[in-house]
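Welcome! Take a moment to look over the chain, and then let us walk through it together.

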Amino acid sequence: MLLLRDSHIEHTLLATARAHTDLVRDSHAGTPEPGALGRKFSATLQAATDSGLYERDTLADLTKKAQATAPETVIADLLPQLPFLPKQSLSSGGHKAFTRDLSEFLHYYESSGTTGNPVAAPKALDDLIVNTINIGEQWARILDRSDRALILINAPFAPAAYQFEKVLEYLQVMSLRPWVDNITGDYTRVLRLTRELGVNVFVGPPSRLLEMIQFAYRNDEPVPAFDKLLLMAEQTGPGFIRHLERLTGAKAYSAAYGSSETGTTAITCEQGNLHLQTQSYVLELTDDTGTRFIEGSPDRGELVVTTLDMQARPLLRYRTGDLVEIPGTPCPCGVATPLLRTLGRSQDLIVLEGNGIRQNDFEAGLWPEEHTGPTVLNYMLVIRGTAIVCLATTDVPVDEAWSRATAERIGGLFPGYELVLRPVETLPPLASLGQYLGWKLSRVLDLNDARNWDRLPAPIRGVVEASLAGFATASEK
């Protein structure tokens, strides 16, 4: 619990925390009280009438209907009557989402702005506590008080690092939260502290972990060894997970899925599966065939989120732009909530000559299950004309024969294009910024489309433009 001087608010929040913990545990057991989510939804509708994102008369009418509808059926009856909230609407009017005065929030944050303007995402006391419990009750299945955690998230305006620090406090796990300059990329102090403090848990985006490992190799430092990797903020498929486990000797988890805007909508269990947080969200899928509630049966589509525990900034039918899959199978861990697999952002698909290539496809080829010899530590793709250059850092020096064989193994993904692999000492700073920019913007530079430069947020663009231009020129030699 947070320490608050106002004892009345502290007492109210403690009651909220206890009630929500009971609901989480009931949801995990598959026995939530039938009307609990309906009552939350009705309260969210009421709160949203004070938001500038929605048509006030429509919400007032639905709120009145909600009062006359049974809690058990109110979501199914009324939610489909609401329009979608597009990402661009929230991006262009983030502050309109507030239903409380800004001074009633606890911390001010913004989204990264990778898919539009940065969106205001401040944390209120109630949603901070609820999100902490949601994550903590799942991570308690993985962590214990003997663990020591490194939180390495270079995102000062996003809530993730602070949120995960509160989760580790909730679990009474010691943590440290250093900062690494994005340009110099000097991990000397972080590596020293990791060794000296016996840190065994990494919490953060995989690109940041890869850059730290690459720095260790390049500077003859011991490669950090962890027991557990709690990865988030980037698409992390089986190939990427496998690669990180080999490098660190740890068990890796895609630990949490969500966004600054929505909070954490899915959280890992000890089996490495992401469980939807159905006690705090109404979740739908939409595609060309229509829109339907996620109820646990196999399905896939774009995720649509309605928040139930963010009444200071409610989101109703928010289109995330994220492609997800519901496998529709029970989890061996015993938690009853539906599983989710992320398929990446719709804008992260590379389309070359009509063929769509996703991050998972490429990384499965780059880091296969059976592996011997040198290892690619990290990579970036540069596209110009019909040539694709894979810039790669490696754990040991490599020769031309190895580079050619590796390029042949993965080149089949790009029919009609010639792929070559070029070993490099370091990658541009952009490669460590996947959590800000998404896969395509951080790992793929398509020089055939000049508009890509305009998608880079300042001040990153200037630094990246100079460094990548140098790499692209070198790749042509």
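We begin with the chain as a whole and then visit two of its residues.

Keep in mind that this is a predicted model. The chain is built with 16 helices and 18 strands. Of its 477 residues, 54% are buried. Its accessible surface comes to about 20500 Å², and carbon and sulfur atoms account for 51% of that area. If you take the contacts between residues at least 6 apart in sequence, 66% of them join residues at least 24 apart.

Now let us zoom in on Asp-309. You will find Asp-309 in the loop that runs between strand 10 (299-307) and strand 11 (318-326). Is Asp-309 buried or exposed? Its relative accessibility is 16%, so Asp-309 counts as buried, since the cut-off for buried is under 20%. Which residues does Asp-309 touch, leaving out those up to four places away in sequence? They are His-20, Lys-40, Asp-127, Val-130, Gln-279 and Ser-280. The side chain of Lys-40 makes a polar contact of 2.9 Å with the side chain of Asp-309, and the side chain of Ser-280 makes one of 2.6 Å with that of Asp-309.

Our next stop is Gln-88, which sits in helix 5 (residues 87-92). Gln-88 has a relative accessibility of 56% and therefore counts as exposed, the cut-off for exposed being over 50%. Finally, find Arg-319, which is 231 residues from Gln-88 along the chain. In the model, the C-alpha atoms of Gln-88 and Arg-319 are separated by 9.6 Å.

Technical notes. Residues are numbered from 1 along each chain as its sequence is written. This is a predicted model: local features need pLDDT of at least 70, side-chain atom pairs count only at pLDDT 80 or more; totals for chains, interfaces and linings use all residues. Side-chain values use heavy atoms; hydrogens and water are left out. Helices (H or I, at least four residues) and strands (E, at least two) are DSSP runs, numbered from the N terminus. Buried means under 20% relative accessible area, exposed over 50%, partly exposed in between (1.4 Å probe, protein chains only). A polar contact is a pair of N or O atoms within 3.5 Å; within protein, one must be able to donate a hydrogen and the other to accept it, and residues adjacent in sequence count only if both atoms are side-chain atoms. Contact means heavy atoms within 4.5 Å. Accessible areas come from the Shrake-Rupley method with a 1.4 Å probe; for residues, only the protein chains shown count as cover.
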